[in-house]
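Welcome! Here is a short tour of a structure that may be new to you. Take a look at it first, and then we can walk through some of its features together.

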Amino acid sequence: VHEYIRELTDNVFSKYDVMTVGEAPAVTTKEAIQYASNDGKEMSMVFQFELMDVDGGEKQKWSDERFKLTDVKAILRKWQIDMHGRAWNSLFWNNHDQPRVVSRFGDTSSKETWEKSAKMLEYAIQNGVNYFDTAYVYHGGKSESFIGEVLKPYRDKIHIATKCPTWEVKCEEDFDRLLNEQLERLQTDYIDFYLMHALDKDRFKNVVEKFNLIDKLNKAKADGKIRHIGFSFHDDAAMLDQILTEHPEVDFVQLQINYLDWENKIIQSRACYEVAGKHNKPIAVMEPVKGGTLADLPDEALSILKEYNEDASTASYALRFAAQLPGVFMVLSGMSNLSQVQDNIRIMDNPQPLNDKEKELLGRVVDIINNRISIQCTSCGYCMEVCPKNINIPGLFALYNNYCINNNFSNMYHGRLTMG
């Protein structure tokens, strides 16, 4: 690997004024120095993850155990001393693979936080909302317990959806253990909509099929612990078609659908939507506002929509786009405050299909956002035919372009794009 990194540095990185960082879990300080030596032949810096295990217990990163300050100091001291003068050491508290730092080292269960969130939920229920989506990992693993506590008095009036953390399943027994733990957290005897979380080609093969999760789900359904079986999906339409063809017993799917990703070649919203329709599977829409991107538009795009209708929120167009699609039974929208709850309820109380003018305006908004694309690539793949290293060049270009469009980087499609 050192030979490859040095070749990459000599032929690519050295030509630009850039800093390179390598993620190196489980390395020693001696190994880290090899990767990030001050001679500049490999990486500029290495991220080591020893500190990430400082509060790990039986459930590893999801444990509630508190870290010891002396342990933190010992780890930081060792790395600072061993790396000093030899390589650039990294100091950080958290990364995207861990529970939120405020949940790990702070307090998200304060009375004020719970009261505000509980009032939002109760307002939603009183105004007709009856479907609540959560997951094992949300809010540092505390979301299910919160949902279970607050919604217990309304259990016969609502539907609860949660997800099996597929990455935590290392054997068949893990499924039953996790499901029973989730039922306990949610303070319920059954889950209305139970999903396998974030399926893609790799997790389908190495988790779902390897550990017979479909059979486990069917048994849990027969036992009354689950009412509807589904999965949230993050891969291409061909993979979705394969899963639904091989497992027609799946009751529904959860797909990323919004007007920006509708024709996106990476996310394939339209193509996945059409596959679900082909198999007659009801669709729950996630990311209708694309993580807030379609609520916080560039000024040029915002002015177009405000000129047409000054009173309509930018999020309303995104929610209505998803809600108007045949086969969609649920549109999921994350809300951070009461005003957002009120706006979403107003929009979805009687969602009007987009008219031709609004569709035309959204097309212009998409063009404005997509014009931020930095590398014009048709993904023909001809370059890969002559690439001596068999690098997925179009995939990497697409990954970078997605960053330019959204102003952030998500690992969600990283594996599919870079590995082919």
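Helices here are DSSP runs of at least four residues, numbered from the N terminus. Tyr4, for instance, belongs to helix H1, which covers residues 2-11. Please keep in mind that this is a predicted model.

**Aromatic pairs**
- Searching the whole structure turns up 11 aromatic pairs.
- One of them is Tyr131 with Phe329: the ring centres are 6.2 Å apart and the planes meet at 75 degrees, so this pair is edge-to-face.
- This pair ties together distant parts of the chain, since Tyr131 sits in strand S3 (residues 131-133) and Phe329 in strand S9 (residues 328-331), 198 residues apart.
- Tyr131 is buried because its relative accessibility is 8%, whereas Phe329, with a relative accessible area of 31%, is partly exposed.
- Phe175 and Tyr194 make another edge-to-face pair, with 6.2 Å from centre to centre and 80 degrees between the planes.
- Here too the pair links distant parts of the chain: Phe175 is in helix H8 (residues 172-186) and Tyr194 is in strand S5 (residues 191-199), 19 residues apart.
- Phe175 and Tyr194 are both buried.

**A cluster of rings**
- Tyr131 and Phe329 also belong to a cluster, in which ring pairs link them with Phe193 and Phe252.

**Charges over a ring**
- Which residues lie over the face of Tyr190?
- Arg155 is one of them, at 4.2 Å from the ring centre.
- Arg227 also lies over the face of Tyr190, at 3.8 Å from the ring centre.

**A helix residue and its contacts**
- Thr314 is found in helix H14, which spans residues 314-323.
- Is Thr314 buried or exposed?
- Its relative accessibility is 10%, so Thr314 counts as buried, the cut-off for buried being under 20%.
- Setting aside neighbours within four places in sequence, Thr314 touches Leu294, Ala295, Asp296, Leu297, Leu302 and Leu305.

Note on methods
Residues numbered from 1 in each chain as written. Predicted model: local features only at pLDDT ≥ 70, side-chain atom pairs only at ≥ 80, totals over all residues. Heavy atoms only, no water. Helix = DSSP H or I, 4+ residues; strand = E, 2+ residues; numbered from the N terminus. Phe/Tyr/Trp six-rings, centres within 6.5 Å; stacked < 30°, edge-to-face > 60°. Buried < 20%, exposed > 50% of the residue type's maximum accessible area, 1.4 Å probe, protein only. Lys NZ or Arg CZ within 6 Å of the ring centre and 35° of its normal. Contact = heavy atoms within 4.5 Å.
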